[in-house]
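Trainee: I would like to learn how to read a fold from its parts. Could we take one feature after another?

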Amino acid sequence: MTEKKATILVPNYKTEEITKICLRLLRKYTRPDLADVIVIDNNSEDGSTDYLRKLDWVKLIERQPLAGESGVQAHSRALDLALQQVKTPFVISIHTDTFVTHPAWLEILLGQFDHPAIAGVGSWKLESKSRLRQLGITFEQSWKFLLNKLFGYKRYNPDRLNLDTRYLRSHCAIYRMDVIKQLNTHFSDGDATAGKEMHFKMRSANYEMKFLSSAFLGQYLMHLNHATSVLNPQLRRTAESNDKEYQKIMEQLRLIDAHRILNDDSLDK
């Protein structure tokens, strides 16, 4: 019998249809002999919770929120609640708006640990930008830098293109459990965004954190940026930006034939 290599942690908050697509594709494209799946529901109190309770192939943790915690805190603390139960050599965090699209996705991630110094693998962003778009961003940042220096322009972010400030994002990141235990770290370490402090602790301990390009990782996964917030009325930002993001998300859902996935209950078995 093959020893399981990884435990996949999936925090959930509302958006029943997105949750279904995420888990059905995870079920379809993940070898059950290689990974366990733990879903942590952050007190959704909607159809997604009822759906999760019916799945016998996931371990469900129903988490109660702490008074005054933010959505970012709830997300990272949910990951930590499940982290306590991980017994496999590797742990993977993904979002419910991250969709697996290739049957070799897990083997590809595990295969990145080809050197003992590597402690984590993932990406900063999981969206492909054309070369022209990348040049545009660099040009825009250069102008903002000059405006900041000459006129004190306030909307210049010096860290946007600084590679040293980037960390593996929890939309899809895999870590070695032995290193997590060795450094006594966790996803909500420092009460920062999930995995941020953990990343820099690993790097400070001379471990390598391996970034995969969006173009490469995008062959195996799709991330619908901000889908949870866009599709949740309580979490929405401005109506204008929300409408643009909504249209983009709908187009991405059409690309994977989301309607067919949502109507195929056999994927839950």
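Trainee: Which residues of H3 are buried?

Mentor: Start with the general idea: an α-helix has 3.6 residues a turn, so residues three or four places apart point the same way. In this predicted model, the buried residues of H3 are Gln-73, Ala-74, His-75, Ser-76, Ala-78, Leu-79, Asp-80, Ala-82 and Leu-83. The helix spans residues 71-83, 13 residues in total. From first C-alpha to last, H3 reaches 18 Å, close to the 18 Å expected at 1.5 Å a residue.

Trainee: What do the buried residues of H3 pack against?

Mentor: Their partners are strands S1 (6-12), S2 (35-41), S3 (59-62) and S4 (90-94), together with helix H6 (177-182). Helix H1 (residues 16-29) lies across S1, S2 and S4, at about 170 degrees to S1.

Trainee: In what order do the strands of the sheet come?

Mentor: The order is S3-S2-S1-S4-S7-S6-S8, seven strands in an open sheet with mixed pairing. S3 and strand S8 (208-211) stand at the edges with a single partner strand each, so one side of each has no neighbour in the sheet. On average, neighbouring strands of this sheet are turned by 20 degrees against each other, direction ignored.

Trainee: Which strands show the mixed pairing?

Mentor: Take two pairs as examples. S1 and S2 run parallel and are joined by seven bridges; Leu-9 stands opposite Ile-38 in S2. S4 and strand S7 (residues 172-176) pair in the antiparallel sense over five bridges, and Phe-90 stands opposite Arg-176 in S7.

Trainee: How many residues of S1 are buried, and on which faces?

Mentor: In a regular strand the side chains alternate between the two faces of the sheet. In S1, seven of its seven residues are buried. Ala-6, Ile-8, Val-10 and Asn-12 are on one side, with Thr-7, Leu-9 and Pro-11 on the other, and both faces are covered.

Trainee: How many disulfides are there?

Mentor: A disulfide is a covalent bond between the sulfur atoms of two cysteines. The test here is a pair of cysteine sulfur atoms within 2.5 Å, and the count comes to zero.

Trainee: What do the totals for the protein chain say?

Mentor: The chain has eleven helices and nine strands. Of its 269 residues, 47% count as buried. Among contacts with a separation of 6 or more, 75% come from residues 24 or more positions apart. The chain exposes about 14200 Å², and carbon and sulfur atoms supply 52% of that area.

Key: Residues are numbered from 1 along each chain as its sequence is written. This is a predicted model: local features need pLDDT of at least 70, side-chain atom pairs count only at pLDDT 80 or more; totals for chains, interfaces and linings use all residues. Side-chain values use heavy atoms; hydrogens and water are left out. Helices (H or I, at least four residues) and strands (E, at least two) are DSSP runs, numbered from the N terminus. The expected span of a helix is 1.5 Å times one less than its number of residues. Buried means under 20% relative accessible area, exposed over 50%, partly exposed in between (1.4 Å probe, protein chains only). Contact means heavy atoms within 4.5 Å. Accessible areas come from the Shrake-Rupley method with a 1.4 Å probe; for residues, only the protein chains shown count as cover. Two strands pair if DSSP finds at least two bridges between them. Axes are lines fitted to C-alpha atoms, for helices over the stretch in contact, and angles run from 0 to 180 degrees between N-to-C directions.
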